[in-house]
Protein chains: 2
Amino acid sequence: MPYPAQINREVILTAACELIESEGMAHLSLNQLAKILGVKTPSLYRYMDSKTALLRAVNETTFKGLFAAITPLLDTPGDAPLRIMGIANAYRAYAHQHPVTYGLAYTNTIAELRPDPAEQERAVIPFQALMAEICGEADSLPALRGLLALIHGFVMLELAGQLQRGGDLDAAYTQSIRAYLAGWGK
Amino acid sequence: MPYPAQINREVILTAACELIESEGMAHLSLNQLAKILGVKTPSLYRYMDSKTALLRAVNETTFKGLFAAITPLLDTPGDAPLRIMGIANAYRAYAHQHPVTYGLAYTNTIAELRPDPAEQERAVIPFQALMAEICGEADSLPALRGLLALIHGFVMLELAGQLQRGGDLDAAYTQSIRAYLAGWGK
DNA sequence: GTTCAAAGCTAATGATATTAGTTTTTGGAG
DNA sequence: CTCCAAAAACTAATATCATTAGCTTTGAAC
């Protein structure tokens, strides 16, 4: 092992996440990142193919963290609506804790930054069974999609500062999801 | 009027929109834009303060177009759920027709690109009355927020390529909104 | 025809991502 | 203990950006 490495893929990744989260997307440059890591810019290329690849990895990390925060709640006592509400709250909490990277992960005006979308849809399959308990097997896929849309949409609007007319956002979130589930339950 | 102008703010804006929509966000450079307009790059600065300001203008255009596509449907025959569904479909259709600029408008990993969010929330107030017909005045704000979240979230997931497990997306959209409204109507 | 201000241009700067080629380091072979 | 090879980092250079400063062209009004 000649020449011990000063950095590696992982520390680059976490430094990038922290920098994005604290300074915002616009201030993430490889120069800045290298300076933080105590290394010159081109050295980063030994561990990543491009800035785009790095950002894609950041997004993968975000999704991984998000699902890690959520999946444990699948095996929780209570009926389906209650468990779904717990998951929805954990989801929203994660997004609030990682607002910039969450936004980046789903933002994707640039298609190259997306992790494999097919894989993500697979990751969400376990949740479909939960919806099936409410609306039946046959409708469980469309019902799941609407649920994801509601959750994701609410969080995105919040993060974009688009829900600022006052009122209790926590309550609005809970009530809306409850209404959605009730609507499918009929 | 010495020296007739070859360009103006508006043609820059529409060219920018078209370029973004056809080539994607990543390929929008002022150089490219100037070349399309038959002008040298620095000349653009006579009509805009910065690239950021241009993108903010693009976003304003997007919102304006979106609301222009939607608001006429407020005065349509039919009960509240029917009218809401018409609006939701028009909304989704607009997003499908302008996928990149729609994504950009709501993406906003970079806060400077956002048009005044307060104004946008005001633009959506007329739709609150429609929700009130379903769930009553008292709950109309949270119910509206959930509806916007559901619509926006669904469209964003679609555009991000995150709903690719097959199935009828049109139906899923319609059914989910119907369920949501039914849930609030109880 | 001269004037003048608007509109465009050239040239330059500093930041950026990225590539090519060189130097430094050090664990292990002799 | 010395030396070597290769891994890891570095320097230097390029092309592309956005942006600024200052110069040149245009054409309508007098």
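**Chain contact, shared core and DNA surface**

In this predicted model, the contact between the chains takes 47 residues from chain A and 46 residues from chain B, two residues being in contact if their C-beta atoms, placed from the backbone, lie within 7 Å. On the side of chain A that touches chain B, the largest share, 12 residues, comes from α8(A), helices being DSSP runs (H or I, at least four residues) numbered from the N terminus. Of the interface residues of chain A, 98% are also interface residues in chain B, so the copies meet through the same surface. Residues are numbered from 1 along each chain as its sequence is written, and chains are lettered from A in the order in which they are written. Local features need pLDDT of at least 70 and side-chain atom pairs count only at pLDDT 80 or more, whereas totals for chains, interfaces and linings use all residues.

The largest nonpolar core holds 94 residues, of which L150(A), Y180(A), L150(B) and Y180(B) touch the most other members; such a core is a set of buried Ala, Val, Leu, Ile, Met, Phe, Trp, Tyr and Cys residues joined through C-beta atoms within 7 Å, buried meaning that 20 or more other C-beta atoms lie within 10 Å of the residue's own. Beyond its neighbours within four places in sequence, Y180(B) is in contact with residues including Y180(A), G183(A) and L150(B).

DNA strand C is surrounded by 23 residues, the closest being P42(A), S50(A), K51(A), Q6(B) and K40(B), where a residue counts as near if its C-beta atom, placed from the backbone, lies within 6 Å of the strand. In chain A, α2 (30–37) and α3 (51–70) each supply at least two residues of this surface.

Terms used: Buried ≥ 20, exposed ≤ 12 C-beta atoms within 10 Å, placed from the backbone.
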